[in-house]
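Work through the exercises below with the sequence and the 3D structure at hand. Try each task before reading its solution.

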Amino acid sequence: MSTVVLRLALRRLLYRRRTILLVLAGLLPTLVALLYRLETPPPESGFEDVMGQIFLPYVLPFVALVIGASAIGEERDDGTILYLASTPLRRLAIVLPLLAAAALTTLVICVPGFVGCLVLAPGTNGISTAAWGLAAVAGAALAYTGLFGWLSLRAPRPVVLGMLYIVIWEGSITAFAPSARWLSVQSYARATIAGGLPGGKTTLNAPDLAPILALCVLAAGTAIWLLLTARRFNRVELP
Amino acid sequence: MTDTVSFTGISKWYGDTVALSDVSFSIGAGVTGLLGHNGAGKSTALKLCGGFARPSAGEVRVLGLDPKTQPELFERIGLVVDSDGLWPFLTARELVSTMAQLRNVRDPEAAAARALETVDLVDAADRPVRGFSKGMRQRVKLAQALAHDPEVLLLDEPLNGLDPVQRRLIVELIRALGSEGRTVLVSSHVLHEVERMAPRVVVLVNGKLVAIGETAGLRELIRDRPRTVRITSPTAVRELARALVGEGLASGVRMVDDGLVVETDDVDALGRRLPRLARSAGATLERVEPLGDDLESVYSYLTAHARGRGRA
């Protein structure tokens, strides 16, 4: 992987005014966790509630959408992609660091919110919750940025389509059509995080899947979207 | 001359729009101008050379390689694209050295310093490009194309946005690059600009190749075409018209409000002999100006010429 392209993409994604807004959005679950903590007595399911109803369905996918869609999309819109394309790098070697930078940026923005939740919200299970939780956040960040990166080369309005996927497919359809959960990044993230919470599968409404298997599905999804993005990048006409 | 850039039967269309139609040519070392008005297909031709697009038909080869599928080629070619986009947070030095690094230059910092000096951008080298003028951005684009010392340079309108001093500098630079034995393909829609840089020219009109050859030959071809000249004179207009026809300098004369519009096959002779004829006819010449000398009409003539007599 080209570290030069990775550094370039990280600078592009992080040194933006919108990053401040995204960081604030990323800290929202911490604020809610703090409110839970201040309640007397604190509810037992505080961590699961914040993760299952705020962090996983909204904060993480929306941050990943904005970052993932702009990782390649903005390079293309600004014309800087031409400079990357006029190097000896293969298209996969360009796409890989761009999407890796998007996933890293998503993590930089979202992990503080997750850690805040872990520390403040009641109902965690120590190191196990932290480990599976971080794995779920990392896996979902990779999968989402891969998906939205690919979408940015496929569709003229990737952010709108991404929002429809998050709100309608993941947020609504999967709630009453359990089979739809097999095509939902969020469901696999729920299954992974449930690995660190006794009874978490029920409270998080996670599919019946071993956490390690859910993590493997997220990794496989990431790999597939990465290859599809590279393939698309190879075919698409550059501006 | 060994061919370094070759187009064989290249066509490129976008839906119903034909950008290039069955274009074949090849060029070797030295500077070649790619001349055409806006929308003639110049940028599409350069995009195909850069592998940014796939031809709908035909084959493009640069240094014998396919730019679309053989990216190792980009260690040997430098590109200046038409787009103005540059990473705004990078300084000129960072941008040029980053591109040199991506093109596997051993010492990218030194290469960047050399390239920035070549384009006279040393003073602004450590400023972010976000504050750069159009002319400075053009020079950064040129510097990144030069930093890896390429054998082939593909330059899309490199003089756009430059002031006259910078223009002269870049024209000299392009000529020097050509005389060093590099292949330089430089696009422009301004004929006299191309003339200053390139001894050879490829002319595209509406996606078709209409002329290829020496720039001087193209100039001759243009000079030979029938021309229209407007002569403004407040007095003795009829006498002047009669004299011009009588001397065989005008193939057609039309009276207008303030003078004449003259069709001529030999504009040089008209220019030489008009003052004397005007004096003897008692006419006062206020203004003499060629009409239809814009590139569009030159290209139209070349298109007709290419249809009628084959390529120049």
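Residues are numbered from 1 along each chain as its sequence is written, while chains are lettered from A and ligands numbered from 1 in the order in which they are written.

**Exercise 1.** State in which order the three strands of the open sheet in chain B lie.

Solution. Helices (H or I, at least four residues) and strands (E, at least two) are DSSP runs, numbered from the N terminus. Two strands pair if DSSP finds at least two bridges between them. The order is β2-β1-β4, with antiparallel pairing. At the edges stand β2 (17-27) and β4 (57-62) of chain B, each pairing on one side only. Seven bridges join β1 (residues 5-14) of chain B to β2(B). Across this pair, Ile10(B) stands opposite Val23(B).

**Exercise 2.** Find which residues have the most contacts inside the largest nonpolar core.

Solution. Such a core is a set of buried Ala, Val, Leu, Ile, Met, Phe, Trp, Tyr and Cys residues joined through C-beta atoms within 7 Å. Buried means that 20 or more other C-beta atoms, placed from the backbone, lie within 10 Å of the residue's own. The largest core has 155 residues, and Ala141(A) and Val96(B) have the most contacts inside it. A second, separate core of 14 residues includes Ala241(B) and Val262(B).

**Exercise 3.** Identify where confidence is lowest in chain B.

Solution. pLDDT is the predictor's confidence in each residue, from 0 to 100. Its mean over chain B is 87. The lowest confidence in chain B is in helix α10 (residues 295-309), at a mean of 60. Where pLDDT is low, the predicted coordinates should not be read in detail.

Methods
This is a predicted model: local features need pLDDT of at least 70, side-chain atom pairs count only at pLDDT 80 or more; totals for chains, interfaces and linings use all residues. A residue is buried if 20 or more other C-beta atoms lie within 10 Å of its own, exposed if 12 or fewer, and partly exposed in between; C-beta atoms are placed from the backbone.
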